[in-house]
Amino acid sequence: MSEKAETQSGTSALEAVKWLVVALLVGVAVWGNSYYGDVSPLYRALAVGALGLAAAFVALQTIQGRAFNQLRKDAMVEVRKVVWPTRQETVQTTLIVLAFVLLVSLILFFFDWVLNGIVSRVIG
């Protein structure tokens, strides 16, 4: 039992170090981008991109990073299962929505017109 707790404690310490490295890489990217403001934006963008990729790589080595990556893979599998509508279905659905919006706007205009007339007669 204590052996498992020691292993888990060692793992959590390693996880904390990994997240510290990620934070450090992101911090260096932000600081470097502002400190080297006079350098070409292309070089700064490349440096920030490289540091961002390094931070992402380290973050994916953590438990939460692996879980996020698995979630991303599962989401991609689900996206492949989606049946997208055809052009004709999309046009028909759009026209139905537009007709319904027009109908509701006309009904609301009529109610507003009637209520405005009633209130105008009451108020004088």
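Visitor: Why is the link between Lys-18 and Glu-15 called a salt bridge?

Guide: The closest N and O atoms of Lys-18 and Glu-15 are 3.9 Å apart. As a general point, side chains of opposite charge can pair when their charged atoms come close. Keep in mind that this is a predicted model, where local features need pLDDT of at least 70, side-chain atom pairs count only at pLDDT 80 or more, and totals for chains, interfaces and linings use all residues. Residues are numbered from 1 along each chain as its sequence is written, and side-chain values use heavy atoms, with hydrogens and water left out.

Visitor: What makes Lys-18 and Glu-15 about one helical turn apart?

Guide: Both belong to helix H1 (residues 2-35), and they are 3 residues apart there. Helices here are DSSP runs of H or I with at least four residues, strands are runs of E with at least two, and both are numbered from the N terminus.

Visitor: How do you know whether Lys-18 and Glu-15 are buried or exposed?

Guide: Compare their relative accessible areas with the cut-offs: under 20% is buried, over 50% is exposed, and in between is partly exposed (1.4 Å probe, protein chains only). Lys-18 has 18%, so it is buried, and Glu-15, with 9%, is buried too.

Visitor: How many salt bridges does the structure hold?

Guide: There are 2. Glu-78 also forms one with Lys-81, where the closest N and O atoms are 3.3 Å apart. These two residues lie in helix H3 (residues 63-81), 3 residues apart, or about one turn. Glu-78 is partly exposed at 46%, whereas Lys-81 reaches 54% and therefore counts as exposed.

Visitor: What makes Thr-62 count as buried?

Guide: Its relative accessibility is 0%, so it is buried. Thr-62 sits in the loop between helix H2 (41-60) and H3. It touches Glu-15, Lys-18 and Trp-19, leaving aside residues up to four places away in sequence; contact means heavy atoms within 4.5 Å.

Visitor: Why is the pair of Tyr-35 and Tyr-36 called edge-to-face?

Guide: A search of the whole structure finds 5 aromatic pairs. For Tyr-35 and Tyr-36, the ring centres are 5.0 Å apart and the planes make 90 degrees. Rings of Phe, Tyr and Trp (its six-membered ring) pair if their centres lie within 6.5 Å; planes under 30 degrees apart are stacked, over 60 edge-to-face, and the rest tilted. Tyr-35 is exposed at 52%, while Tyr-36 is partly exposed at 42%.

Visitor: Why is the pair of Phe-110 and Phe-111 called tilted?

Guide: The centres are 6.2 Å apart and the planes are at 50 degrees, so this pair falls in the tilted group. Phe-110, at 45%, counts as partly exposed, and so does Phe-111, at 48%.

Visitor: Which residues do ring pairs link into a cluster?

Guide: They are Trp-31, Tyr-35 and Tyr-36.

Key
Salt bridge = Lys/Arg side-chain N within 4 Å of Asp/Glu carboxyl O.
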